[in-house]
Structure formats: C-alpha cells, structure tokens
Amino acid sequence: MLMTAFGGVMWLIYTAMLVLAVVAFVLALLFREDAYRAADKKNKGFWLIILGVTVAVNLLVPMLFLQLAGLVATIVFFVDVRPALVGVSGGRVWNRNRRRRGGSGSDGPYGPYNGGR
C-alpha cells in the first residue's frame, strides 16, 4: 500500500516536471529572436534545444537524474530568462507590429501627465 502511494506521488512529480518543461518550451518558442539578444541571454536556438531535450527526456527516458537536470534548466528559464525577455519586449511576446492603444506611457486616466507644467 505504501509503495502504491509512493508510485502515485512520483507519477505526479514526473507529470508536473513534464508540464513545466512543455510550458517553458512554448514560451521560448513565442519570444522573438531579437529579444534574446537584447536581453543579453543565450540565443533562441540554444533555449529551444535545451528545453526540447528536457521535454524529450521527460517523455522518453525515465531517469530521475536527467529529469532533474532538465528541471534546473526549466527553472532557470522561468526565473532568469523569461523575466528579462518580458522586460525587453515590453510584455509583448509574439506580435512585433501590433499597434499600441492609447497614448504615451505617461498618460493618466484623463490624458497626458506632464508634471503640472
């Protein structure tokens, strides 16, 4: 009975690692190549390869050591790379030519704010 519960917990952990790796891979795929360069991170191809291998290892190779190495790469992407990419791209991920609605970044709710000048 204890082994069955342990097996269920391990299956849940493996599934969570797989889901995190897939989400990180999709997010890495959506960001533009120039955002990686502007954020001074490795290029897009590097992260796609690392996260793609992580997804493949989680799906195909049931070795905990390799899965934990992939989990470290996934965590690094979420904690370090993704926030830098969001900061560089202004929160926009995939649509380079999307027009902004509204005015400048200093607009208040009733129009532009110019510091009382």
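Is Glu 33 buried, partly exposed or exposed? At 31% relative accessibility, Glu 33 counts as partly exposed, where buried stands for a relative accessible area under 20%, exposed for one over 50%, and partly exposed for what lies in between, with a 1.4 Å probe and protein chains only.

The legends below describe a predicted model, in which local features need pLDDT of at least 70 and side-chain atom pairs count only at pLDDT 80 or more, while totals for chains, interfaces and linings use all residues. Residues are numbered from 1 along each chain as its sequence is written, and side-chain values use heavy atoms, with hydrogens and water left out.

**View 1. The whole chain with its helices and strands.** The chain holds four helices and two strands, and read from the N terminus these elements follow the order α-α-α-α-β-β. Helices (H or I, at least four residues) and strands (E, at least two) are DSSP runs, numbered from the N terminus. Of the 117 residues in the chain, 23% are buried. The accessible surface, calculated by the Shrake-Rupley method with a 1.4 Å probe and, for residues, with only the protein chains shown counting as cover, comes to about 8400 Å², and 67% of this surface belongs to carbon and sulfur atoms. Among contacts (heavy atoms within 4.5 Å) in the chain with a separation of 6 or more, 65% come from residues 24 or more positions apart.

**View 2. Salt bridges of the model.** A salt bridge is counted when a side-chain nitrogen of Lys or Arg lies within 4 Å of a carboxyl oxygen of Asp or Glu, and by this rule there are three salt bridges. Arg 37 is paired with Glu 33, with 3.7 Å between the closest N and O atoms; because these two residues are four residues apart in helix 2 (residues 33-38), about one helical turn separates them. Arg 37 is exposed, at 56% relative accessibility. Asp 34 forms a salt bridge with Arg 32, and here the closest N and O atoms are 3.1 Å apart; Asp 34 itself is partly exposed, at 25% relative accessibility.

**View 3. A salt bridge between a loop and a helix.** The side chains of Lys 41 and Asp 80 meet in a salt bridge, with an N to O distance of 3.1 Å. Lys 41 lies in the loop between helix 2 and helix 3 (44-60), whereas Asp 80 belongs to helix 4, so the pair ties together parts that are 39 residues apart in sequence. Both residues are partly exposed, Lys 41 at 26% relative accessibility and Asp 80 with a relative accessible area of 39%.

**View 4. Asp 40 and its positive phi.** Asp 40 is found in the loop between helix 2 and helix 3, and its phi is near 60°, which is a positive value in a residue other than glycine. Most residues other than glycine have a negative phi. At 69% relative accessibility, Asp 40 counts as exposed.

**View 5. The packing of helix 3 and helix 4.** The axes of helix 3 and helix 4 are 9 Å apart, and the two helices pack at an angle of about 140°, where axes are lines fitted to C-alpha atoms, for helices over the stretch in contact, and angles between N-to-C directions run from 0 to 180 degrees. Helix 3 and helix 4 are therefore oblique to each other, since angles under 35 degrees count as roughly parallel, over 145 as roughly antiparallel, 65 to 115 as roughly perpendicular, and the rest as oblique. Residues of helix 3 including Trp 47, Ile 50 and Leu 51 meet residues of helix 4, among them Gly 70, Ala 73 and Phe 77.

**View 6. Gln 67 and its surroundings.** Gln 67 has its place in helix 4 (residues 64-89) and counts as buried, at 4% relative accessibility. When neighbours within four places in sequence are left aside, the residues in contact with Gln 67 are Tyr 14, Met 17, Val 57, Asn 58, Val 61 and Pro 62.

**View 7. Ala 28 in helix 1.** Ala 28 is found in helix 1 (residues 2-30) and is buried, with a relative accessible area of 0%. Apart from neighbours within four places in sequence, Ala 28 is in contact with Tyr 36, Lys 44, Leu 48, Leu 51 and Phe 77.
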